[in-house]
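Q: Could you take me through this structure one feature at a time, giving the general idea before the particular case?

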Amino acid sequence: LSKLRKGVVKNILLELSRIYPGVITVDGEWMHNFTGGAFFDIYMGACSLNEYIIFDYSGNGTEGYTGSFGLEIYDFILDGEIVNFYPGEMVRNIFRPGSYTYHDKKMHNGFKATEDTLLFEYGRGNMMDAIKVGVLATYKNRLLEKEQIDKQLKTCMGMVFGHVRARHKLVKQKQARIKKEMENGWQFPDFNLNIQPPAHEFIKD
């Protein structure tokens with residue numbers, strides 16, 4: 001089962017790296033993470049100024065509280081089961097493989113992951129909120145070894161700066177092309193430079 005789950009993760013990463021070259025980290029490493037009272041192993045597949053992709057795995061089950069912060073989060077269940085409950089509903093919402101949970105910027109709920117739960121998680125929004133809640137709060141409360149926290153920060157920030165450099169390079173290339181074309185007599189009165197990160201295409205409604 002371990003090889004099967006690792007194979008699923010690897011295949012997803014390879015397919016995403018084919019669609020979004022230079023964005024996805026295929027040969028990274030798994031790290032401990034403690035967020036909202038829940039303990040997972042995580043793999044960071046991508047991280048930019050406003051988006052991230054991670055895989056979450058819980059071997060013995062875990063539970064916690066999502067909190068409410070400035071991101072939209074989609075959790076696709078690949079294995080195991082997620083149980084959510086929302087304020088005032090007094091009913092369990094169960095999500096199994098093939099389904100996904102959605103957490104908007106104002107939602108907050110309790111959740112539980114059963115044993116051997118594997119999630120593919122995509123988040124977009126205020127990445128500083130994600131870093132504060134998912135990494136820095138853990139450091140402040142000494143809930144994980146400093147080595148694990150430093151590793152997460154280094155991995156995430158390395159990806160962020162990589163995105164910034166790549167976007168800056170694209171801007172420079174486009175500006176150089178426009179300048180050359182204008183020198184040759186072309187005019188672009190409606191030109192609007194709008195470089196967006198490609199990861200928005202990950203979510204298919």
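A: Let us begin with a single pair of residues, bearing in mind throughout that this is a predicted model: V83 stands opposite I94, a residue of strand β7.

Q: In which sense do β6 and β7 pair, and over how many bridges?
A: As a general idea, the strands of a sheet pair through backbone hydrogen bonds, and they do so in either a parallel or an antiparallel manner. Here β6 and β7 pair in the antiparallel sense, over three bridges.

Q: What does strand β6 pair with besides, and over how many bridges?
A: Strand β6, which covers residues 82-85, also pairs with strand β9, residues 110-113, in the antiparallel sense and over four bridges.

Q: What is the order of the strands in the open sheet, and how are they paired?
A: The sheet has four strands in the order β4-β9-β6-β7, with antiparallel pairing. At its edges are β4 (62-65) and β7 (93-95), each of which pairs on one side only, and from one strand to the next the twist averages 15 degrees.

Q: Why does I53 count as buried?
A: The cut-off for a buried residue is a relative accessible area under 20%, and I53 counts as buried because its relative accessibility is 1%.

Q: How many residues does the largest nonpolar core have, and which of them have the most contacts inside it?
A: In soluble globular proteins, nonpolar side chains tend to be buried together. In this model the largest nonpolar core has 19 residues, and those with the most contacts inside it are F40, Y52, L71, I82 and M127. At least two residues of this core are supplied by each of β2 (38-47), β3, β5 (71-79), β9 and α2 (127-140), with the largest share, five residues, coming from β2.

Q: What lies apart from this core?
A: Another core, of 15 residues, lies apart from it, and Y20, V26, F55 and Y122 are among its members.

Note on methods. Residues numbered from 1 in each chain as written. Predicted model: local features only at pLDDT ≥ 70, side-chain atom pairs only at ≥ 80, totals over all residues. Heavy atoms only, no water. Pairing = 2+ DSSP bridges. Axes fitted to C-alpha atoms, helices over the stretch in contact; angles between N-to-C directions. Buried < 20%, exposed > 50% of the residue type's maximum accessible area, 1.4 Å probe, protein only. Core = buried A, V, L, I, M, F, W, Y, C linked by side-chain atoms within 4.5 Å.
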